[in-house]
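Hello,

Please look through it below; my notes follow.

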Number of protein chains: 2
Amino acid sequence: MQATAPKGLVTAEHLEFFKATIGEQYVLVDQESLTDYGHDETERLQYYPEVVLKPRTAEEIAAIMKCCNQFHIPVTPRGAGTGLSGGALPHLGGVLISSERMNSILSIDERNLQVITEPGVITEVLQNAVKEKGLFYPPDPSSRGSCFIGGNIAENSGGPKAVKYGVVKDYVLNLEVVLPTGEIIWTGANVLKNSTGYNLTQLLVGSEGTLGIVTKIVLKLIPHPQYDLLMLVPFASLEKASEAVSAIFRAGFVPSALELVEIDALKIVSTFVDSTAVPVNDDIAAHLIIEVDGNNMDVLMGEMEAISELLTQFDAGEIFFADDAQQKAELWKLRRRVAEAVKTTGYTIEEDTVVPRAELPALIRGVKELGRQHGFHAVCYGHAGDGNLHIRINHPTIKNSHGNAEMTAALTELFHLVKKLGGTISGEHGVGLIQKPYLDTVFQAANLRLMREIKKAFDPNNILNAGKIFDLQ
Amino acid sequence: MQATAPKGLVTAEHLEFFKATIGEQYVLVDQESLTDYGHDETERLQYYPEVVLKPRTAEEIAAIMKCCNQFHIPVTPRGAGTGLSGGALPHLGGVLISSERMNSILSIDERNLQVITEPGVITEVLQNAVKEKGLFYPPDPSSRGSCFIGGNIAENSGGPKAVKYGVVKDYVLNLEVVLPTGEIIWTGANVLKNSTGYNLTQLLVGSEGTLGIVTKIVLKLIPHPQYDLLMLVPFASLEKASEAVSAIFRAGFVPSALELVEIDALKIVSTFVDSTAVPVNDDIAAHLIIEVDGNNMDVLMGEMEAISELLTQFDAGEIFFADDAQQKAELWKLRRRVAEAVKTTGYTIEEDTVVPRAELPALIRGVKELGRQHGFHAVCYGHAGDGNLHIRINHPTIKNSHGNAEMTAALTELFHLVKKLGGTISGEHGVGLIQKPYLDTVFQAANLRLMREIKKAFDPNNILNAGKIFDLQ
């Protein structure tokens, strides 16, 4: 898909101003850069900004924002470009601001178990840095090796540990934000509890870069658990696997990860990364990956045993226990690379549905039925413990849902089902550009009116990531 | 303090409409009711609404709100009236809406570990109901035996368990809300993860009844831990006690409660409830109350032992371990009734400061110094594990901070210190009416402008709990 954005909003004078503000070498207008920064991991979408800027400080961003606000130039903020809903796509042209140079961890406060970081730090780099101090920052999307913490804030990311430890919003204490008007604010305070005014921090988290550009982040940390155990459990039916998920919680267990991967996805990723770690024989329909963690190995062994025992009620097959760090890493690598792998084989459209976890079997049945009706094949995987099911769609001819009437009709049906089950459109990927048409399946008109009013309060000229989540009317 | 609110906004016609809408017996205008519903637990403040309404349903509240919105009548929502910042005080007269008849737990979903409740359910009643199913709803203010869950949502309450389990905001999945315009919306979905649009749920939590009236609440539950252990640790110095707090976390422990009570407060509450459970000899300056919980008694015993060992480095005195349920209950009763007890002996002014926990010693030093300078005596207690320090002030002549220039000056100093330490004004009580003058010590002008714009988006006529948190300008 080609860009249809209006061109020529950024003039030579603006470019000169940007160069004077952040340095000439960080103002990019060559075609290769405009192409590189014009797509992310969403479907097969490509747009083109007019210029790519790589500022280093909040003050530089503030100067850029003031200029763009004055001249009503669209601004798209961008992290590492690993997003799956098109939130970082410059679909209106204009200025794209990359946070890649703002990549310092500013301080790890061991006294208060907090870290202050810039947004351009890779999530896994941050995790490793705090782990060296015995501390733990749990939320890590599958893309943790390349995604930026700032993008995680924008999307309120989750990842496999969310089932026990919560998502990004549960760790963000305070944010430094450049508003679309160019003002720089801190949203809250560096404290664990806060009942002082409206929670602007939580409003910013998950706002997909539409309300402000995050320039510093204060995160809560927790002590790192000393041990974890991992097992892989095959099931002969996808439904049994998903039924087992809620049974584990009902029995009082809280695994640190509870992932589901359908066999089709596992076959593809095993080939993709050339791994034979996981059996993929014809009797298996899906696997659960179950992790427990804590500080007492005997307790963890007991938990694993009890969960294994419970799973026999759901016709679980032979359980594989990961014996060492290498086996664990191999299993996680397979899980983390599913999306990338299936995309290369034609599964270009990804949905990020979330339902109350006991409704997973009903959701999966619905997905398969929709596939039959609409002529696509879907593979399911994701964070089953949270009820967060990723659905990858392989349609023989339709490769983008965005802008396609037939796929839009199918997805509308999907989201009506999700809504009926008590769920919603996105658990961790955001609405961005591609889920925008479906918001009224889960929100009332009053919700959308309030969101638009909030957007106007922050961004009176609608310049910052405009047309993401919703259009202003 | 007497009400100075404008009178006569509520006419005979309005009263007739209210009677027709919710039933005559639930429309109260007698002086006793207006007095009873005109104060809460904040200082010694008393105001008078013109009428008290006790609706039963969201639809009834919607009808009331539409009427009040049309005629610009101030509306004050009220839970159980246990608030400490004056959030439920009808300082502008008008209509007061009590949620006391909306007191049903609608469903406990054991499949998904969720509860749906009305706002007028007493927090402890809700806790006990879910505990019968083996489930746990952790956040409980000291007033849990009388406060309503709806009020807890409004203030984003914490309580002693917050240190391990988080505050109210961490458990609220979805809210049914009547907007000031009379529209009824659900803010989100009944799911554990949600990246679909702006987080209106989190915006409502802690908004102190200024953005909408919550009529149904969906809460996340967790499996109830099977065991807990409790110990009381005396310290010869308040500073050592507060230093020990952060050391416990730095050593990797996460207690399920870590409370601090200064000896003066403990003496008062011991007399108040006629208890000799806690030694109050002259060598003791403060106690820590430390609880650990979990599902393995051996692990808990080991943790308690290790924490005890650690505390010897901070000159802890002889540790008292609560042996049985009765001893635990006695200790918790003392802790929970501190505020009530000290208020009866003249400590009428309560602050709810919160700082990063390692800054507690500096905060406590500052408080004592301020007392010397401004001629008041202060006792400190609270949720030390969160850095959330309650400060009760006994001034010989000034009993309300609200409207008093001298106390306002002293508290302004206090909040400047709190801000300097990385903290903020309120950890769990809210801003309400009495902390309103201090917001600009912790927020920039842009923060306050955004909050005001958000308020206007929800409440264009500024009728719902107007003049709480901030005034519209």
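Is B:N156 buried or exposed? B:N156 is buried, at a relative accessible area of 3%, where buried means under 20% relative accessible area, exposed means over 50%, and partly exposed is what lies in between (1.4 Å probe, protein chains only).

Some conventions before the rest. This is a predicted model, in which local features need pLDDT of at least 70 and side-chain atom pairs count only at pLDDT 80 or more, while totals for chains, interfaces and linings use all residues. Residues are numbered from 1 along each chain as its sequence is written, chains are lettered from A and ligands numbered from 1 in the order in which they are written, and side-chain values use heavy atoms, with hydrogens and water left out.

Chain A overall

Chain A contains 16 helices and 18 strands; these are DSSP runs numbered from the N terminus, with helices being H or I of at least four residues and strands being E of at least two. Chain A has a radius of gyration of 22 Å, close to the 23 Å that the globule rule gives for 473 residues, so it is as compact as a globular protein of that length. The radius is taken over C-alpha atoms, and the rule is 2.2 Å times the number of residues to the power 0.38. Along the principal axes, the C-alpha atoms of chain A fill a box of roughly 70 × 55 × 45 Å.

Of the 473 residues in chain A, 64% are buried. Among the contacts in chain A with a separation of 6 or more, 73% are between residues 24 or more positions apart; contact means heavy atoms within 4.5 Å. The accessible surface of chain A is about 16,100 Å², and carbon and sulfur atoms hold 50% of that surface. Such areas come from the Shrake-Rupley method with a 1.4 Å probe, and for residues only the protein chains shown count as cover.

Chain A carries 41 positive and 58 negative side chains, with the centres of the two sets 4 Å apart. Lys and Arg count as positive and Asp and Glu as negative, while His and the chain ends are not counted; the place of a charge is NZ of Lys, CZ of Arg, CG of Asp or CD of Glu.

Between the chains

The size of an interface is often given as the accessible area lost when the parts come together. Here 83 residues of chain A are in contact with 83 residues of chain B. The area buried between chain A and chain B is about 6,300 Å², and 58% of it comes from carbon and sulfur atoms; buried area is the accessible area (1.4 Å probe) that two parts lose on being put together, summed over both. A:K193, A:S195 and A:Y198 supply 15% of the area that chain A buries against chain B, more than any other three residues.

B:N156 sits in the loop between α5 (149-155) and α6 (162-165) of chain B. Leaving out residues up to four places away in sequence, B:N156 touches residues of both chains, including A:N194, A:S195, B:V167 and B:E428.

A:M451 belongs to helix α16 (residues 445-458) of chain A and is buried, at 0% relative accessible area. Apart from neighbours within four places in sequence, A:M451 is in contact with A:F443, A:F470, B:G197, B:Y198 and B:L200.

Other residues in chain B

B:L204 lies in helix α7 (residues 200-204) and is buried, with a relative accessible area of 3%. Its contacts beyond four places in sequence include B:I153, B:L175 and B:F458.

B:K343 is in helix α12 (residues 338-344). What is its relative accessible area? The value is 17%, and B:K343 is buried. Not counting residues up to four places away in sequence, B:K343 touches B:E41, B:T42, B:E43, B:T348 and B:R392.

Positive phi angles

A:E43 is not a glycine, yet has a positive phi of about 40°. A:E43 is placed in the loop between α2 (31-36) and β2 (51-53) of chain A and counts as buried at 4% relative accessibility.

B:H72, also a residue other than glycine, has a positive phi near 55°. B:H72 is in the loop between α3 (58-71) and β3 (75-78) of chain B and is partly exposed, with a relative accessible area of 45%.

Regards
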